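Subject: Structure handover

Hello,

Here is the structure I promised to pass on. Please open it beside this email and follow along.

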Amino acid sequence: MKIFIIITVLMYLLSSAAYLAYLFLQKDRLYKIGYGLFSAGFFSHSIALALALITSGHLPAGNLPGNLLIAGWTLSAAFIFFHFKFKLKVMGIFAAPLAGLIMVLVYGLNWEPMPAETIFNNFWFVLHIITIFSGEAMFALACAAGILYLTQEHAIKTKQRGFFFNRLPSLELLDTTGYACIAGGFTLLTIGLITGLVYAKMVWGRFLSWDPKEIWSGISWLVYAVLLHERLTVGWRGRKAAIWSIIGFAVLLFTFLGVNFFLEGHHGEFTRW
Amino acid sequence: MLTIVLVGLNHKTAPVELRECLAFSKEEKSIALEALPQHPSISEVVLISTCNRVEILMTGNDPEEAIKAVESFFCRVKKLSLFQFENSLYFYVGDEAVRHFFRVASSLDSMMVGESQILGQIKEAYRTATGKNATSVILNRLLHRTFSVAKRVRTETGIGDHAVSISYAAIELGRKIFGSLEKKDVLLVGAGEMAELAVEHLIRNRVGCIFVSNRTFERAVELAGRFNGKALRFDEIPNYLEKIDIVISSTGAPGFIIHHQQIKKIMRPRRNRPVFFIDIAVPRDIDPEINRINNAYVYDIDDLKEIVDENIEDRNMEALKGERIVDEAVIGFRNWYESLAVVPTIVALKNKLETIARSEISKTVSLRHFSNADCLALEKMTNAMVNKILHDPIYFLKNPGNHIDNAVYLDMTRRLFDLNE
């Protein structure tokens with residue numbers, strides 16, 4: 001399994017390099033190479049994940065490297081999906097290095113199969129993990145789209161154009177992509193939270209235990225809910241939506257990692273290594 | 001051996017009046033393509049005539065005679081005397097003619113470097129020339145090389161990348177904002193060449209409704225008719241701003257026509273859909289403060305001019321890369337052209353046959369036990385065969401008297417015997 005993680009890291013990093021070269025040189029062949037390498041990395045990543053699944057007998061969500069392995073995989077899957085759908089080539093600039101970084105951490109933290117705890121082998125738990133992680137991957141892409149939007153908007157508004165103007169796609173495409181990511185991510189996050197609640201009820205006998213992770217998840221959900229609501233009612237789009245999706249992702253990142261490092265709670269094993 | 005000759009004039013050497021005078025109509029082109037090859041010193045002709053240039057590309061065995069023939073043809077057909085245009089003509093021979101032609105086709109010699117029309121015009125001219133049987137091996141090869149050089153220059157350099165006219169720059173900006181311009185509603189306020197050109201570009205991008213407004217309503221109706229749009233009264237504009245995505249303004253009004261407050265008010269009912277103002281008027285029509293509103297973008301004529309200047313600079317930088325590609329191609333073409341000379345072809349042909357003979361002899365000798373005398377006899381016989389076989393073809397190639405265009409046969413020989421490594 002280790003070998004597959006190394007291959008994955010290598011592929012993602014090479015793909016990042018190809019995308020970076022594409023940003024500077026603007027040769028279509030480069031992004032195709034980048035995308036090909038990324039897909040190869042994703043393939044090897046899938047094998048690594050499958051092996052982890054087989055050796056431990058359950059989703060490897062019991063510790064930090066395991067979680068990162070899943071998070072990276074969903075991020076890659078989401079990127080491939082959106083690349084297919086929107087043809088937004090520059091997104092690779094964010095997705096490939098991020099996936100690469102996550103996999104470097106997985107490698108460094110050295111994943112070991114956890115003793116199979118019965119509490120992990122539960123339909124609601126698996127669904128909870130999958131939806132939450134996929135949702136987070138979508139939000140990560142939304143954040144990337146937001147950053148690109150702000151860069152491009154700045155170039156157009158200030159009339160300075162410069163390096164990014166020619167290299168980034170239209171504002172409309174960036175905005176639509178961001179919106180699609182948020183809408184998808186929000187749906188998944190909602191399902192993730194509900195399944196989490198159901199799972200909590202089954203294991204601990206109550207839906208909510210007011211644990212910091214639960215509270216912060218609620219806050220993240222609210223942030224995105226506000227964004228979607230405003231978009232649908234008064235048409236929040238462009239700059240405002242982009243900033244909001246970056247803020248949302250910061251809150252989400254804190255929920256994902258920060259809560260475990262700074263606060264206590266029953267998702268404690270989440271970041272154990 | 002045929003030499004490549006080019007006679008021409010362009011926007012740098014001749015004023016527009018003269019270019020108009022010397023431009024060839026369709027009929028004149030066919031006359032030229034039939035008449036010029038009749039001349040004893042001209043064997044192939046391709047004629048290109050556009051509003052910016054006339055180029056006559058030929059092959060012939062006497063460049064000076066060929067040039068004179070073209071000059072007198074001009075005088076005869078265009079009814080001019082030589083001194084009227086003599087100084088505007090340029091002549092290139094050999095490599096220089098090839099280089100010039102490559103540069104023209106790659107749009108490195110155009111008035112607007114990087115424009116893409118010229119290649120199409122050359123292709124058309126070539127088609128006409130082949131239709132009249134006015135081309136043969138050398139020009140066929142040269143033209144095909146030209147097309148691939150022009151394509152290389154276009155794809156490998158950014159020479160045609162960016163807009164170099166105000167109206168086109170505005171459209172490119174629009175694309176950066178809206179992605180696709182399809183179905184976007186456009187309002188044209190005022191009139192003017194640049195503004196109308198921009199609207200035409202937009203129509204080509206399949207925009208939605210086009211509204212036209214003008215101080216004098218009659219003018220608005222007239223323009224609306226031209227663009228297949230809808231005429232608005234001047235005081236109706238504010239009511240329509242809510243649904244319009246692109247505003248092109250070009251009036252002679254002394255103050256702003258569209259104000260910051262107006263746009264701020266409509267952004268909410270527009271649900272923040274982006275709106276793009278192109279202000280080509282001097283003094284300006286659109287309040288520049290509008291640019292500070294989210295999802296509203298204002299570009300005035302100076303901003304657009306700046307983009308155009310930058311893009312022209314970029315193109316000139318890219319043109320340098322194009323020159324390098326042309327230089328390479330000229331060398332490549334020269335190699336092929338020189339191979340058409342008689343002596344190298346004969347040497348290559350002889351070498352080829354002798355190599356085959358030698359290797360076959362050594363194969364046979366290694367299998368059997370021949371005495372030295374037998375070997376010598378065998379070698380002698382093979383050499384005699386090679387020489388006898390080569391005698392007629394070499395005689396034919398060396399004496400082009402009975403066939404005018406030796407290049408055809410040299411090229412054929414090279415291809416038949418696969419002599420081009």
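In chain B, B:Leu187 has B:Val247 of β8(B) as its bridge partner. Keep in mind that this is a predicted model. That bridge belongs to a longer pairing. Strand β5 (residues 186-190) of chain B runs parallel to β8(B), and five bridges join the two. Another pair to look up is B:Val189, which stands opposite B:Ser249 in β8(B).

Strand β9 covers residues 275-279 of chain B, and its parallel pairing with β8(B) has four bridges. How does the chain get from β8(B) to β9(B)? It passes through helix α11 (residues 260-267) of chain B, in a right-handed β-α-β crossover.

Is β8(B) covered or open? Strand β8 spans residues 246-250 of chain B, and five of its five residues are buried. Both faces are covered. On one side sit B:Ile246, B:Ile248 and B:Ser250. On the other sit B:Val247 and B:Ser249.

**Its neighbour, β5(B)**

β5(B) is buried in five of its five residues, so the rest of the structure largely encloses it. β5(B) also pairs with strand β6 (residues 210-213) of chain B, in parallel, over four bridges. In that pairing, B:Val186 has B:Ile210 as its bridge partner. The link from β5(B) to β6(B) goes through helix α8 (residues 193-204) of chain B, and this β-α-β crossover is right-handed.

**The whole six-stranded sheet**

Now zoom out. These strands belong to an open sheet of six, in the order β7-β6-β5-β8-β9-β10 (chain B), with parallel pairing. Which strands are at the edges? They are β7 (230-232) and β10 (296-300) of chain B, and each pairs on one side only. Neighbouring strands in this sheet are turned by 20 degrees against each other on average, direction ignored. At the β10(B) end, five bridges join β9(B) to β10(B), and the two run parallel. There, B:Phe276 stands opposite B:Tyr297.

**A second sheet in chain B**

Chain B has an open sheet of four strands as well, in the order β2-β3-β1-β4, with antiparallel pairing. At its edges are β2 (44-49) and β4 (90-93) of chain B. Each has a single partner strand, so one side of each is left without a neighbour in the sheet. The twist averages 15 degrees from one strand to the next.

Look inside this sheet next. Strand β1 (residues 3-10) and strand β3 (residues 53-60) of chain B pair in the antiparallel sense over eight bridges. As an example, the partner of B:Val5 in β3(B) is B:Met58. Helix α4 (residues 95-105) of chain B lies across β1, β3 and β4 of chain B. The helix runs at about 45 degrees to β1(B).

**Domains**

Chain B is divided into domain 1 (3-156), domain 2 (166-308) and domain 3 (340-416). The C-alpha centres of domain 2 and domain 3 of chain B lie 76 Å apart.

Chain A is divided into domain 1 (1-118) and domain 2 (122-273). Their centres, taken over C-alpha atoms, are separated by 19 Å. How many residues of each are in contact? 24 residues of domain 1 of chain A touch 22 residues of domain 2 of chain A. On the domain 1 side, α3 (64-86) and α4 (92-109) of chain A each supply at least two residues. The largest share, 11 residues, comes from α3(A). By class, that side has 19 nonpolar, five polar and no charged residues.

**Where the chains meet**

The contact between the chains takes 14 residues from chain A and 14 residues from chain B. On the chain A side, α5 (123-158), α7 (171-204) and α9 (239-262) each supply at least two residues. Which of these helices gives the most? That is α7(A), with three residues. The chain A side divides into five nonpolar, three polar and six charged residues.

Best wishes

Methods:
Residues numbered from 1 in each chain as written. Chains lettered and ligands numbered in written order. Predicted model: local features only at pLDDT ≥ 70, side-chain atom pairs only at ≥ 80, totals over all residues. Buried ≥ 20, exposed ≤ 12 C-beta atoms within 10 Å, placed from the backbone. Pairing = 2+ DSSP bridges. Right-handed = clockwise from strand over helix to strand, strands pointing away. Axes fitted to C-alpha atoms, helices over the stretch in contact; angles between N-to-C directions. Contact = placed C-beta atoms within 7 Å. Nonpolar A, V, L, I, M, F, W, Y, C, P; charged D, E, K, R; others polar. Domains from an automatic or database assignment.
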